[in-house]
Amino acid sequence: MGDVAAKYGRSFSIGLRGAIEYRLNFAFSILSAVSPVVIQTALWTSLYSPGSGETLFGFTYAQMIAYTVVANLVSRLVRTGFEYELNTDIRTGGLDRYLVKPIGYFGFRLFVFLGTKSTQTGLTLVLLAIATWVLNAVLGIPVSVAAAFAFAASLVVAFLLNFLIFWCVGMAGFWLTEIGFLFEAARIVIITASGGIFPLAVFGPTAQAALNMLPFRFTIQFPTELLCGRIPTGQIAADFALSFVWIGVLTALARALWSAGIRRFAAVGS
Amino acid sequence: MAIIEVDRLSRSFRYYEKQGGLGASLRNLVARRTLVREAVKGISFSIGEGEVVGFLGPNGAGKTTTLKMLAGIMHPTSGAAHVLGHVPWQRKKDLRMRIAIVMGQRSQLWPDLPAVESFELNRAIYEIERAEYSRVLGELVELFDIGGLLPVQVRRLSLGERMKLEIVAALLHKPRVLFLDEPTIGLDLLSQRTIRDLVRTLNQRYRTTVMLTSHYLSDIEDLCERVILINRGTIVYDGPLTGVNATLAERKTVRLVFSAPVAQDVLSQYTGYQSLDGLTASFEVERSEVRAFSRKVLDDLPVVDLTIEEIPLEEGIAALYRGELPRG
């Protein structure tokens, strides 16, 4: 057990050190997070009549701005990026060097990615803490201790789900040669279906009911709404249960794709 | 005791025929013709502990495919193989802990980090005790003379320096079997020699079994007592390196330098005529005929220099590839 922890701990560490080598890139990635928040805030500000207290899609103006800010931070937290490395490893045959070693490739990539992301994650969590304070003190949206704990748990679920989703998308590389376009297309569709751009209520009740059953909502909208106190207490457990089911389904899918993919990789060669 | 055993191992690849032109591309979208290429055709051999075996063949002969099957990266189409008693493509942990593969054209080091970070990762992956790791690394650092390279970002190193570190990374867990696929490719002569010295020392010190592919014959001549030659997926020779030229040893290369140009028509009348390059001509002559041949050309032609040489190893290998010599 200690050996396994050491393997993945070292994978995490190498990801972290790799990320620190590129500090400027890191700084720009934080800056780039600001622009969608500004654009969406401007959009909602123009849609709401000033001072009327009206609601759009069930959100007051303050709630909508709170949703926009928190959803953006959450989407930063769960955002992947390892799928390009996965694809390169498959396409160039770089996967070989891991297959001959006594380490699981999934765990290795997961922990390297966690390490790569950890500095950005730390900073985003600080921003989230500030956002929580602003929700409470400025916008008058109370955040209870219980909600904060539920939010923290939902973030772990959200990260795992998003990782599994993009892991499955990334494994398309076993069958398709050029899939950069697929990643971008998938990212846009998934972020939209996750409520990362607008709350899912915007799409109307039928679409929202359907999207509620899919795994994507749990990657952004569910944590965001938990923090903003928009999910009735009675429904929280059921939502968590559904998200666990999706983790199970996607894990099974990822395993099946991996074993079929690796058979193909070993058969086709590189 | 056999460390590597290969029994009628075969591997074929399917691929699609693609012709040039837009029309052909569009037709390919609807119906593609599948072709099969047999990369490795039922090869068998066995390698004992501590042997350093050269695995040679022209491009596309099946060398890398065979190494990949033995390292467990690729499944065979048919046949069997055992490495350290394991079926390699089952990729059991016990086997993965005891083998290593170094591919000259593929790096296992993290380019953005100093090599020592990748070494530390390997230490964790191969579950090496800290004290043992420090001891082995210290030994390898001294042997490879790489102390100064450890803290440098890998992508800032020269190819030769990087290759030394690649090999060190592969040796930290003291593999019993080491597969080296073109470890000296692209290296200058000095670096090639360093890598060769290292492989030799390694084999002598740890009795590591080494299977080596290389296009550079000096690698093979320096390191391997035994060679396996493969061409078009079939083994054409398996035996001592000295045996490669055994049949050719009955012939010599005679090289002549002329003081004035001699027509090719004239030269081709002599038996064993091979080539003419400016004022230099070469002939392949039976050992017993060399004396008479030399006397005749000295009398007949404007010869200013005459040298008699052994036929180079390359020629012997090329002859084996062409199937001109008996197999070992």
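In chain B, strand β3 (residues 52-56) and strand β7 (residues 209-213) run parallel and are joined by four bridges. One pair of bridge partners in this predicted model is B:G54 with B:L212 of β7(B). Both strands belong to an open sheet of six strands, whose order in chain B is β5-β6-β7-β3-β8-β9. The pairing within this sheet is mixed. At its edges are β5 and β9 (234-240) of chain B, each of which pairs on one side only. From one strand to the next, the twist of this sheet averages 15°.

Chain B also contains an open sheet of three strands, in the order β2-β1-β4 and with antiparallel pairing. Here the edge strands are β2 (34-48) and β4 (78-83) of chain B, each with pairing on one side only. The twist averages 25° between one strand and the next. Strand β1 (residues 2-16) of chain B is connected to β4(B) by five bridges, and the two strands run antiparallel. Within this pairing, B:I4 has B:V83 of β4(B) as its bridge partner.

The division of chain B into domains may be considered next. According to the domain assignment, domain 1 of chain B comprises 2-10 + 41-244, and domain 2 comprises 248-314. The C-alpha centres of domain 1 and domain 2 of chain B are 42 Å apart.

Which elements of chain B supply at least two residues each to the side that touches chain A? The contact as a whole involves 27 residues of chain B and 20 residues of chain A. On the side of chain B, at least two residues each come from α2 (63-70), α3 (93-96), β5 (99-103) and α4 (115-125). Of the elements of chain B, α4(B) gives the most to this side, with five residues. By class, the side of chain B that touches chain A has 14 nonpolar, four polar and nine charged residues.

Within chain A, the packing of helices can be followed pair by pair. Helix α1 (residues 2-21) and helix α7 (residues 105-137) of chain A pack at an angle of about 40°, and their axes are 6 Å apart. Because of this angle, α1(A) is oblique to α7(A). The crossing in which α1(A) passes α7(A) is right-handed. Among the residues that make the contact are A:Y8, A:F12 and A:G15 of α1(A), together with A:F108, A:F111 and A:G115 of α7(A). The residues of this contact comprise 11 nonpolar, nine polar and no charged.

Helix α8 (residues 145-170) of chain A packs with helix α4 (residues 61-78) of chain A at an angle of about 55°, with the axes 9 Å apart. The helices α4(A) and α8(A) are therefore oblique to each other. Their crossing is right-handed. In this contact, A:V74, A:L77 and A:V78 of α4(A) meet A:L155, A:A158, A:F159 and A:N162 of α8(A). The contact of α4(A) with α8(A) has six nonpolar residues, one polar residue and no charged residues.

Helix α8(A) also packs with helix α5 (residues 83-92) of chain A, at an angle of about 30° and with the axes 9 Å apart. Is α5(A) roughly parallel or oblique to α8(A)? At this angle, which is under 35 degrees, α5(A) counts as roughly parallel to α8(A). The helix α5(A) passes α8(A) in a right-handed crossing. The contact is made by A:E83, A:L86 and A:N87 of α5(A) with A:F166, A:V169 and A:G170 of α8(A). By class, the residues of this contact are three nonpolar, two polar and one charged.

Terms used: Residues numbered from 1 in each chain as written. Chains lettered and ligands numbered in written order. Predicted model: local features only at pLDDT ≥ 70, side-chain atom pairs only at ≥ 80, totals over all residues. Domains from an automatic or database assignment. Pairing = 2+ DSSP bridges. Axes fitted to C-alpha atoms, helices over the stretch in contact; angles between N-to-C directions. Parallel < 35°, antiparallel > 145°, perpendicular 65-115°, else oblique. Left-handed = near helix turned anticlockwise from the far one by under 90°. Contact = placed C-beta atoms within 7 Å. Nonpolar A, V, L, I, M, F, W, Y, C, P; charged D, E, K, R; others polar.
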